[in-house]
Amino acid sequence: MKAPLIYLFFLLFAFNFSAEDFSHEEQRMLSTLYVQTAAEHRASVLQTFKTATNLLPEAIEDASWNALPNLASSNRDLAPAIIIDVDDTVLDNSPYEARLIKSGQSYPSGWGDWCNESQAKPLPGVLEFLLKAEQMGVKIFYVTNRKYEYEKGTLENFKKFGIPIEGDEDSLLMRYENGWDSNKTSRRELIAKNHRVIFQIGDNLGDFVDLSLSHQSPEKRVEVVTEFNDMWGKYWFMIENPTYGDWEGALYKFNFDRSNHTAEQAYTLAFVQGPMTTLLMIVPLIIFSFYSLSASRHKEIIESLKSRN
């Protein structure tokens with residue numbers, strides 16, 4: 001009898017927490033604060049780009065070095081290139097996330113305005129890495145799922161902060177340009193025809209593999225990472241993004257139309273994953289319920305978010 005009561009209490013707690021305390025975007029408050037304020041985040045990003053920078057000479061010199069082994073050409077004379085994502089890999093969009101939190105809105109509200117403002121700053125270390133790569137003769141391809149209609153604003157953003165991009169060849173490959181969808185595979189294939197890709201850099205699993213491999217359950221996605229274990233930290237570099245991505249979609253089975261994900265997750269914990277998981281979850285929730293933020297302190301934290309650069 002006690003177990004069902006515990007499950008019921010857990011469900012009621014989850015329903016009340018999600019419905020009354022936080023909007024959908026406000027649940028991203030801590031992740032946005034982490035990106036904007038955490039020394040650990042800055043160190044992680046700097047570490048990633050410094051590692052890639054240090055590997056540039058070897059990657060350029062070694063004609064067999066290829067970040068796309070399945071697309072590698074037998075032509076060893078191909079020019080070296082880098083494929084890099086844009087949003088939250090090159091450009092910091094955390095001010096946009098802060099706007100959503102403060103206004104109580106959700107993506108894609110205001111996304112077009114943000115792109116066209118051209119105000120996103122480069123992530124720590126990325127500008128130095130890109131300039132070094134350009135100096136060493138590496139072609140840089142920005143493969144992004146920003147819509148093609150935001151090309152002008154994105155290019156202006158690059159120019160404003162000195163992010164290198166060539167004008168003689170299309171180096172900014174955007175979603176819906178040339179019929180491209182969200183799956184980046186066809187764009188990678190196009191680049192690999194005439195270039196030896198030495199690095200792939202992004203913040204989402206789909207920046208490295210076919211979208212079908214990224215759009216799976218959390219467990220399957222971990223298996224994909226393990227399958228390509230030898231690529232990480234040498235050919236492929238992941239920028240941590242705690243704010244959004246396919247990792248989040250995987251939790252909801254890529255169904256973003258549900259009105260109350262927290263309640264559904266509580267149901268799964270209580271009735272599918274078993275009593276032990278539920279107990280492990282409910283104990284800290286009960287404890288921390290006694291240390292909840294006051295409304296004024298909560299508002300103060302939200303106001304500390306930087307919604308403008």
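This is a predicted model: local features need pLDDT of at least 70, side-chain atom pairs count only at pLDDT 80 or more; totals for chains, interfaces and linings use all residues.
1. The buried set consists of S94, P95, Y96, E97, A98, L100 and I101.

2. Now for the packing of helix 3 (residues 39-61) with helix 6 (residues 126-135). Their axes come within 9 Å and cross at roughly 15°. Angles under 35 degrees count as roughly parallel, so helix 3 is roughly parallel to helix 6. The crossing of helix 3 past helix 6 is left-handed.

3. Which residues make that contact? Helix 3 brings F49, A52, T53 and L56, while helix 6 supplies V126, F129, K132 and A133. Sorted by class, the contact between helix 3 and helix 6 has six nonpolar residues, one polar and one charged.

4. Last, T144, which sits in strand 2 (residues 139-147). Is T144 buried or exposed? Its relative accessibility is 1%, so T144 counts as buried. Setting aside neighbours within four places in sequence, T144 is in contact with D85, V86 and D87, with L172, L173, M174 and R175, and with K184 and R187.

How values were computed:
Residues are numbered from 1 along each chain as its sequence is written. Side-chain values use heavy atoms; hydrogens and water are left out. Buried means under 20% relative accessible area, exposed over 50%, partly exposed in between (1.4 Å probe, protein chains only). Helices (H or I, at least four residues) and strands (E, at least two) are DSSP runs, numbered from the N terminus. Axes are lines fitted to C-alpha atoms, for helices over the stretch in contact, and angles run from 0 to 180 degrees between N-to-C directions. Angles under 35 degrees count as roughly parallel, over 145 as roughly antiparallel, 65 to 115 as roughly perpendicular and the rest as oblique. A crossing is left-handed if the near helix is turned anticlockwise from the far one by less than a right angle, and right-handed if clockwise. Contact means heavy atoms within 4.5 Å. Ala, Val, Leu, Ile, Met, Phe, Trp, Tyr, Cys and Pro count as nonpolar, Asp, Glu, Lys and Arg as charged, and the others, Gly among them, as polar.
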